[in-house]
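Please look over the sequence and the structure below before reading on. The report that follows takes up the chain interface, then a pair of strands, and then a set of salt bridges.

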Amino acid sequence: MMGIRTHLSPPGLLFAILGLAALLAPFMTLAANRIVAGDGIVAWRVAGPAITVPGVAAVMIGLAMGLVATWTRLRLLGAVFGLAGLLWLLSRSAPILLTQAGEYARVSPAAGFWCLLVIFMLLMADALAALKPGPFMRAVLLFAVLAALVLVLHSGLLSDLSVLQEFSSRRDAFFTEFQRHLGLAFGSLAAAALIGFPLGILCHHRAGLQGATLPVLSFLQTIPSLAMFGLMIPILGWVGNTVPGAQAIGIAGIGFAPAFLALLLYSLLPVVGNTVAGLAATPPAALEAARGMGMTPRQRLLRVELPLGLPIILTGLRIVLVQNIGLAVIAGLIGGGGFGTFVFQGLNQTATDLILLGALPTVVLALTAAILMDTLVELTRRIPEETA
Amino acid sequence: MIEIDQITKTYGTVNAVDAVSMTVETGSITVIVGTSGSGKTTLLRMINRLEEPTSGEVRINGTSTSTVKPHLLRRRIGYAIQGHGLFPHHTVARNIGAVPELLKWSRDEINARVDELLALFSMDPAEFRDRFPAELSGGQQQRVGVARALASRPDLLLMDEPFGALDPIIRTRAQEDLRHIQRKLGSTIMLVTHDMEEAISLGDRVAVMDGGKLVQYAPPAEIISRPATDFVANMVGDVERPLRLLSLISVAEIIEPGEADGEALPETASLRDALSACLWTGCDALPATRGGTVVGRVTLKAIRARAGAHE
């Protein structure tokens with residue numbers, strides 16, 4: 001049977017092998033309380049056969065459905081099937097595991113679960129990539145995945161899990177920090193755009209300014225993030241204490257202002273650098289023609305250079321947004337708020353699930369931002385490329 | 001009428017263009033020809049002030065170009081360059097309508113002008129209007145580039161190696177089209193090239209530049225028959241001079257009464273074509289036609305006499 005062999009999907013095969021291996025790893029962890037390290041339990045022992053048999057079977061069937069390269073829709077279905085299996089195992093076994101343990105016992109997903117989750121997400125992404133969805137379709141898919149996630153979390157299916165117990169005891173704080181995190185990431189992005197675009201345009205026209213600016217911004221980029229946030233404390237503390245009125249508008253060594261400033265400084269290089277690169281990408285002949293037909297410098301910028309550089313400039317914003325969503329976690333260290341608050345509280349308390357409460361939403365947020373920005377970049381790139 | 005008066009451009013201590021003076025008649029094609037570094041492109045770019053002259057001035061219909069703001073001056077002067085310089089993110093229609101848009105013509109006027117120009121360049125407006133430059137062939141891109149330069153009915157059209165990026169067959173066709181359109185519109189064109197063949201076949205007058213100086217400014221026939229310097233003679237190419245000269249003269253000029261056998265030549269054909277036909281068929285004479293009827297003959301002897309005449 002030559003046919004089967006040639007139609008096997010190499011990533012699908014890899015996913016299947018890794019997936020089977022991951023099934024051997026602990027699927028859940030049961031701990032006596034939220035601090036101590038728990039005991040791992042493999043997937044087929046998390047509950048009785050009535051739960052584990054269909055769950056493990058769904059995972060294995062999902063992996064098998066991902067094997068055939070040409071049946072893209074089947075592979076996609078396999079990913080959904082496998083994810084449903086994971087959800088089934090997780091939601092059904094958690095209450096059962098807890099009933100056998102003490103009052104403070106915590107149950108959480110373990111390495112095996114996370115590996116399988118990633119494998120099925122990759123399988124889904126691989127199958128979707130083969131379907132080549134347009135930018136709008138991708139936005140719709142993203143929305144559907146997020147909606148499914150919210151629905152599962154909201155349904156209470158997983159409320160027995162440790163990370164969601166941490167959530168339910170901090171529900172209000174979670175949404176406050178969520179807003180704070182968005183404020184830090186998008187606020188610093190907006191400020192970087194406000195400063196970076198004009199600076200980039202100036203740099204484009206003055207080679208001297210460009211030579212002075214970009215190395216400074218590159219240097220800022222090389223400062224380790226922990227050091228950068230730490231450095232802000234004495235600097236803004238001094239500003240807050242010496243400049244009249246500074247404290248009144250919230251400028252102090254710790255809190256939102258230093259975190260915001262640190263993120264802003266990190267954002268400038270991608271914004272300025274990509275603006276300069278985008279403007280420089282205009283074909284020289286088109287620029288010469290624009291000059292020769294009597295466009296003013298302003299008209300050349302608005303009608304030729306900016307529209308042609310837009311995909312590159314937006315790519316800069318994408319880098320900044322994804323980078324800042326991640327970096328904003330460190331703001332928690334200097335009292336800047338955001339999901340980092342939970343991460344650092346969790347680190348202090350050695351409560352892994354509290355760390356996850358900060359880390360998981362950050363990952364989801366960064367992925368969402370990346371996919372949305374990619375869609376935007378692609379929409380601006382829809383002009384046919386110049387042929388030679 | 002374009003008057004270039006003692007115009008000089010100095011870079012450091014080098015005179016890229018050295019006190020060049022010339023007058024270009026309205027409705028003619030003037031070709032500036034020279035090797036690279038001869039200053040021909042700098043001369044052209046000083047006319048629409050993409051380069052500011054160090055000294056001297058250019059007058060268009062009596063008005064000095066230095067009295068007009070550069071970007072306003074350039075909107076009145078068409079400019080077509082090598083590699084067309086079309087805006088890749090704009091459709092053909094927006095590209096052609098770029099200068100009228102700058103001049104704030106109404107949308108209807110611009111659309112009408114775009115369709116008119118596309119038709120003039122043998123491109124179906126309905127088919128090409130909404131395409132992007134990347135979706136056109138090289139020859140079509142070049143035509144759109146020239147159409148764009150002509151869109152606002154400029155006083156003068158400057159062309160810097162406009163056919164340089166085209167392959168030889170398309171280039172000949174593009175040259176013929178330009179000649180045809182120039183005759184039809186009566187445009188004044190100044191064109192820069194390094195190709196003497198192109199200069200001779202396109203120009204009403206040819207200006208030869210060497211080392212920043214204008215060494216000869218004359219009709220093509222004179223450039224060939226009486227080159228002013230060795231440099232010009234070299235550019236023309238000594239061996240090919242008679243053939244180049246013959247290519248400028250039409251059969252009509254040497255038709256004589258009489259009969260001949262063989263395939264007839266139209267009187268609009270060049271003597272170069274006639275010579276070629278004679279050699280190919282082995283005939284000493286061929287019939288010549290005017291509007292399809294035979295009016296006489298062309299003889300090899302007459303061609304030879306004309307080639308040796310040197311005017």
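Between chain A and chain B an area of about 2100 Å² is buried, and carbon and sulfur atoms give 62% of that area; buried area here is the accessible area (1.4 Å probe) that two parts lose on being put together, summed over both. This is a predicted model, in which local features need pLDDT of at least 70 and side-chain atom pairs count only at pLDDT 80 or more, while totals for chains, interfaces and linings use all residues. Residues are numbered from 1 along each chain as its sequence is written, chains are lettered from A and ligands numbered from 1 in the order in which they are written, and side-chain values use heavy atoms, with hydrogens and water left out.

At this interface, 22 residues of chain A are in contact (heavy atoms within 4.5 Å) with 26 residues of chain B. The rule finds two salt bridges across the interface, a salt bridge being a side-chain nitrogen of Lys or Arg within 4 Å of a carboxyl oxygen of Asp or Glu. A:Arg303 forms a salt bridge with B:Glu101, and their closest N and O atoms are 3.5 Å apart. On the side of chain A that touches chain B, α12 (284–292) and α13 (297–327) of chain A each supply at least two residues, and α12(A) gives the most, with seven residues; helices (H or I, at least four residues) and strands (E, at least two) are DSSP runs, numbered from the N terminus.

Within chain A, strand β1 (residues 26–31) runs antiparallel to β3(A), and four bridges join them, where two strands pair if DSSP finds at least two bridges between them. A:Ala31 stands opposite A:Arg106 in β3(A). Strand β3 (residues 106–109) is covered on both faces, with A:Arg106 and A:Ser108 buried on one side and A:Val107 and A:Pro109 buried on the other; buried means under 20% relative accessible area, exposed over 50%, and partly exposed in between (1.4 Å probe, protein chains only).

Over all chains the structure holds 29 salt bridges, and the table gives some within a chain.

| Pair | N to O distance |
|---|---|
| A:Asp126 and A:Arg75 | 2.9 Å |
| B:Asp18 and B:Lys213 | 2.9 Å |
| B:Arg153 and B:Glu116 | 3.8 Å |

B:Arg153 lies in the loop between α7 (138–150) and β7 (156–160) of chain B and B:Glu116 in helix α5 (residues 107–120) of chain B, so the pair ties together parts that are 37 residues apart in sequence. B:Arg153 counts as exposed at 51% relative accessibility, whereas B:Glu116 is partly exposed, with a relative accessible area of 43%.
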